[in-house]
Amino acid sequence: MLLVLCVDLDDDLGRKTDFDTPVVGRDEVEDAAVALATADPEDSDVNVLFEGVHLADRIDDENVEVAVVTGEEGSDVAANRAVGDEVDEVLAGLSTSEEVRAVIVTDGAQDESVIPVIRSRVPVDAVRRVVVRQAQDLESMYYTMKQVLDDPETRGTILVPLGILLLIYPLAVVSDWVGLPGAAVFGFTSGLLGLYVLGRGLGVERLLDSAAEKARNGLYAGRVTLITYVVAAALLVIGGVRGVEMLETVQADATDPVGPLRVLAALVYGAVTWFTAAGITTSLGQITDEYLADRFRWRYLNAPFYVVAIAVVLHAVSAYFLGRVPLTYLAVMLTVGTLLGLSSTLAFAIAESRRSRRAEQVS
């Protein structure tokens, strides 16, 4: 048996007439088509229903049944599920022992989105699209544009750069009002567009989304690292400012131009204390979270000691190149930093080894 399925995805038939769906039978479908044409002559689903009747009249070499299935207005997912339920109802009501195959009749690309739902229930021999000839390309173009605008990925890729380009002229007009040069506005907008395209190419938005997700999970889970990261960020900013201030002081005290090595030494000397505090803060936050999650290991305690050891070395080296300490002080601090790192590593390794042995003895 061949089943001619007329698909009305947005349920124009149910909303505009008194017919209950699904509608099964040639005469019943014809009556439904006349009723829909009377209620709304411009509705394209009228052509779908009449085309279903027309196909049923043309096929005379096998049993044919005509049915109209409808979806729901609004959500495509809900509409597809409703069509699937009505197809099941139609198939259950067919009184035949023959294999049933289907021919789907639609009025355009949007209704054809339900084809996989129908194909999962009955074999589909063909799809007949019935559209007014003058509007066929226009409807396909409209549905394609609708899909593009509904897809967040495509929408961000196409519409954001287009929006930035369209802002160039109004920004240039505003710049003329406030007395700014037009080249500055063009440079700013082109730079903004370049940053956006570069960010999309490098996948920066995925990194930002991942960071935001981790921050949100950390907030809900009560992780200490969320607070320590904020404090560390503030300390890094302060350290950067202190480094710049130290560089300005060194340049003001110097009679000759300051070389690149002394510039770097001044920046490090001014910022190293604050950067060290930021490193210790974050490491202690990580250790606390690991302890609360029962994942603590003694070797994790090496982190703050390593931060202090590195800070001691950097502070001594930068101070030496700025001429603030003698060579002997540098040698002593290098030795202290090395010993601090080695001793912490050895001490916590021994502690972890003993803890493992105790756990094995208990078990």
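This note walks through the main features of a predicted model, point by point.

1. **Ground rules.** The model is predicted, so local features need pLDDT of at least 70 and side-chain atom pairs count only at pLDDT 80 or more, while totals for chains, interfaces and linings use all residues. Residues are numbered from 1 along each chain as its sequence is written, and side-chain values use heavy atoms, with hydrogens and water left out.

2. **Overall make-up.** The protein chain has 14 helices and 5 strands. Helices (H or I, at least four residues) and strands (E, at least two) are DSSP runs, numbered from the N terminus. The chain has 363 residues, and 32% of them count as buried. Buried means under 20% relative accessible area, exposed means over 50%, and partly exposed lies in between (1.4 Å probe, protein chains only). A contact means heavy atoms within 4.5 Å. Among contacts between residues at least 6 apart in sequence, 66% join residues at least 24 apart.

3. **Asp 11.** Asp 11 sits in the loop between β1 (2–8) and α1. Its phi is near 60 degrees, a positive value in a residue other than glycine. Most residues other than glycine have a negative phi, and most peptide bonds are trans. Asp 11 counts as buried, at 17% relative accessibility.

4. **A cis bond.** The peptide bond joining Thr 21 and Pro 22 is cis, with omega about 5 degrees. Pro 22 is in the loop between α1 (12–16) and β2 (23–24).

5. **Helices α2 and α3.** Two packed helices are described by the angle between their axes and the distance between the axes. Axes here are lines fitted to C-alpha atoms, for helices over the stretch in contact, and angles run from 0 to 180 degrees between N-to-C directions. The axes of α2 (residues 26–39) and α3 (residues 45–58) come within 9 Å and cross at roughly 155 degrees. That makes α2 roughly antiparallel to α3. Angles under 35 degrees count as roughly parallel, over 145 as roughly antiparallel, 65 to 115 as roughly perpendicular and the rest as oblique. The crossing of α2 and α3 is left-handed, a term used if the near helix is turned anticlockwise from the far one by less than a right angle; clockwise is right-handed.

6. **What touches what in α2 and α3.** Contact residues of α2 include Val 29, Ala 33 and Leu 36, and those of α3 include Val 46, Leu 49 and Phe 50. By class, the residues of this contact are 10 nonpolar, no polar and 4 charged. Ala, Val, Leu, Ile, Met, Phe, Trp, Tyr, Cys and Pro count as nonpolar, Asp, Glu, Lys and Arg as charged, and the others, Gly among them, as polar. Asp 31 is also in helix α2. Asp 31 is partly exposed, at 45% relative accessibility. Its C-alpha atom is 9.8 Å from that of Phe 50, 19 residues away along the chain.

7. **Helices α11 and α12.** Helix α11 (residues 224–253) packs with α12 at an angle of about 170 degrees, with their axes 6 Å apart. The two are therefore roughly antiparallel. Their contact has 21 nonpolar, 11 polar and 3 charged residues.

8. **Helices α12 and α13.** The axes of α12 and α13 come within 8 Å and cross at roughly 170 degrees. This pair, too, is therefore roughly antiparallel. Contact residues include Val 268, Val 272 and Ile 280 of α12 and Val 307, Leu 314 and Phe 321 of α13. The classes are 16 nonpolar, 5 polar and 1 charged.

9. **Aromatic pairs.** Rings of Phe, Tyr and Trp (its six-membered ring) pair if their centres lie within 6.5 Å; planes under 30 degrees apart count as stacked, over 60 as edge-to-face and the rest as tilted. The count comes to 3 aromatic pairs. Trp 298 and Phe 348 are stacked, at 6.5 Å centre to centre and 15 degrees between the planes. Trp 298 lies in the loop between α12 (260–292) and α13 (302–321) and Phe 348 in helix α14 (residues 327–362), so the pair ties together parts 50 residues apart in sequence. Trp 298 is partly exposed, at 30%, and Phe 348 is buried, at 13%. Ring pairs link Trp 298, Phe 305 and Phe 348 into a cluster.
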